[in-house]
Amino acid sequence: MEIRVQEDRFDPGAELNAFSATVSGAGAVVSFTGVVRDVDGGLVAMEIEHYPGMTTKAIAGIADEAARRWSLADVLVIHRYGHLAPGENIMMVATASRHRADAFAAAEYLMDYLKSRAPFWKKEVTRDGADWVAARDEDEDALTRW
């Protein structure tokens with residue numbers, strides 16, 4: 001299991017190839033890459049803050065729970081912080097398992113829980129100013145299926 005919280009950009013293709021090359025006994029590898037989106041054309045940047053030890057520990061706990069729930073060969077979570085422009089990669093999840101159902105379910109679980117439970121604080125910077133991103137009801141509701 002690898003958890004990385006970093007400011008540096010990452011190449012999802014290279015990360016997926018490296019992850020896949022180290023997994024043995026897996027019949028499925030699933031990945032998801034989140035991108036900073038500009039919904040209405042006014043986003044200048046997303047600024048993400050965190051507490052380093054706390055964030056890594058929280059994400060590791062979420063990944064450990066995924067490994068307990070599904071039969072996984074390995075897990076990779078990368079999440080960025082700092083000043084990110086629209087279109088930049090913000091996070092990546094990769095899961096590997098013997099069967100695709102476990103890999104898909106675990107990846108979705110990780111994405112849902114990272115969105116709602118990983119301790120990151122996000123500020124949207126627009127041409128008109130900056131606002132902290134509030135928790136959304138639909139993100140919390142997504143957790144009820146787990």
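**Exercise 1. Which strands does helix α1 lie across, and at about what angle does it run to β6?**

Keep in mind that this is a predicted model.

Step 1. Find helix α1 at residues 12–22. It lies across β1, β2, β4 and β6.

Step 2. Compare directions: α1 runs at about 20° to β6.

Step 3. Now look at α3, which packs on the sheet and touches β2, β4 and β6. The direction of α3 makes about 150° with that of β6.

**Exercise 2. Work out the order of the four strands in the open sheet, and find which ones stand at the edges.**

Step 1. Read off the order: β1-β4-β6-β2, with mixed pairing.

Step 2. Go to the ends of that order. β1 and β2 (28–35) each have a single partner strand, so one side of each has no neighbour in the sheet.

Step 3. Zoom in on one pair. β4 and β6 (residues 89–97) pair in the antiparallel sense over seven bridges. Follow V77 across and you land on its bridge partner in β6, V93.

**Exercise 3. Check whether the span of helix α2 agrees with its number of residues, then find its buried face.**

Step 1. Helix α2 covers residues 52–69, which is 18 residues. At 1.5 Å a residue, the helix should span 26 Å.

Step 2. The end C-alpha atoms of α2 are 26 Å apart, so the two values agree.

Step 3. Pick out the buried residues of α2: T55, I59, I62, A63 and A66. Looking down the axis of α2, you'd see them fall within an arc of 95°, so they line one face of the helix.

Step 4. Turn to the other side of α2, where G53, K57 and R68 are exposed.

Step 5. What do the buried residues of α2 pack against? Their partners are β1 (2–6), β3 (43–50), β4 (72–80), α3 (100–117) and β7 (120–126).

**Exercise 4. Decide whether E15 is buried or exposed, and list its contacts.**

Step 1. Locate E15: you'll find this residue in helix α1.

Step 2. The relative accessible area of E15 is 17%. Buried means under 20%, so E15 counts as buried.

Step 3. Leave aside neighbours within four places in sequence, and E15 is in contact with R4, F10, L76, I78 and M92.

Step 4. Take I78 from that list. E15 and I78 are 63 residues apart along the chain, yet their C-alpha atoms are separated by 9.4 Å.

Step 5. Finish with R4: its side chain makes a polar contact with the side chain of E15 (2.7 Å).

How values were computed:
Residues numbered from 1 in each chain as written. Predicted model: local features only at pLDDT ≥ 70, side-chain atom pairs only at ≥ 80, totals over all residues. Heavy atoms only, no water. Helix = DSSP H or I, 4+ residues; strand = E, 2+ residues; numbered from the N terminus. Expected span 1.5 Å × (residues − 1). Buried < 20%, exposed > 50% of the residue type's maximum accessible area, 1.4 Å probe, protein only. Arc of directions from axis to C-beta. Contact = heavy atoms within 4.5 Å. Pairing = 2+ DSSP bridges. Axes fitted to C-alpha atoms, helices over the stretch in contact; angles between N-to-C directions. Polar contact = N/O pair within 3.5 Å; in protein donor to acceptor, adjacent residues only side chain to side chain.
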